[in-house]
Amino acid sequence: GEVVRRQCPLPERAVDLRADRLGDFLAEVGEEAARRQAGNDGPRRLLDAVRSIINANAITPVEVSERLGIDLRKLIDRLRRESGNTVARLIRNRQLSLGCDLLNTTNRQVKEIAVACGFEDVTYFCRIFKQRLGVSPAEYRHANR
């Protein structure tokens, strides 16, 4: 089918994973802020706290729960109940958002982009990308150049 030009529809804005020292500093600051936010009852606060941790390069639900100091099962249940999201979905959205940015701004091969986004298997990255965005990574790049 025809590829339609569009912006990456994922809500999270990607952060460059290669910013070593700055990333570590921001991770520490983000984790502290997220811990404080997670203690509040507001659903938006928990979602914001989880996104903050994910943006500080947490790539598994276990890492997110550990950084927030919340039991994994409680985090999953509360997040699903309050926002309709799962930690894994938020992580995946961030990875795909980063993929969109890299496809738009670099000439890297799709395999390299998949690895930079935290996927070990390029085929899986392409399948998830197409499921969520409706086009393959190559089609997305072509339509947005």
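Tyr-124 is partly exposed, with a relative accessible area of 31% (partly exposed lies between buried, under 20%, and exposed, over 50%, using a 1.4 Å probe and protein chains only). The ring of Tyr-124 belongs to a cluster, linked by ring pairs, with Phe-119, Phe-125, Phe-129 and Tyr-140. This is a predicted model: local features need pLDDT of at least 70, side-chain atom pairs count only at pLDDT 80 or more, and totals for chains, interfaces and linings use all residues. Residues are numbered from 1 along each chain as its sequence is written, and side-chain values use heavy atoms, leaving out hydrogens and water.

**Aromatic pairs**

- A pair of aromatic rings is described by the distance of the centres and the angle of the planes.
- The count comes to four aromatic pairs (rings of Phe, Tyr and Trp, the last by its six-membered ring, with centres within 6.5 Å; planes under 30 degrees apart are stacked, over 60 edge-to-face, the rest tilted).
- Phe-119 and Tyr-124 have ring centres 5.9 Å apart and planes at 50°, so this pair is tilted.
- Phe-119 is buried, at 4% relative accessibility.
- Phe-129 and Tyr-140 have ring centres 5.6 Å apart and planes at 75°, so this pair is edge-to-face.
- Phe-129 sits in helix α7 (residues 122-133) and Tyr-140 in helix α8 (residues 137-143), so the pair ties together parts eleven residues apart in sequence (helices are DSSP runs of H or I, at least four residues, numbered from the N terminus).
- Phe-129 is buried at 0% relative accessible area, and Tyr-140 is buried at 2%.

**Salt bridges**

- Side chains of opposite charge can pair when their charged atoms come close.
- The structure holds two salt bridges (a side-chain nitrogen of Lys or Arg within 4 Å of a carboxyl oxygen of Asp or Glu).
- Asp-77 bridges to Arg-73, with the closest N and O atoms 3.0 Å apart.
- These two residues are four apart in helix α4 (residues 72-83), so about one helical turn separates them.
- Asp-77 is partly exposed at 35%, and Arg-73 is partly exposed at 47%.
- Glu-82 bridges to Arg-78, with the closest N and O atoms 3.1 Å apart.
- Glu-82 and Arg-78 are also four residues apart in helix α4, about one helical turn.
- Glu-82 is partly exposed at 24%, whereas Arg-78 is buried at 17%.

**Cysteines**

- The count is zero disulfides (a disulfide is a pair of cysteine sulfur atoms within 2.5 Å).
- Cys-117 is in no disulfide, and the nearest cysteine sulfur, that of Cys-100, is 8.7 Å away.
- Cys-117 is buried at 3%, while Cys-126 is partly exposed at 26%.
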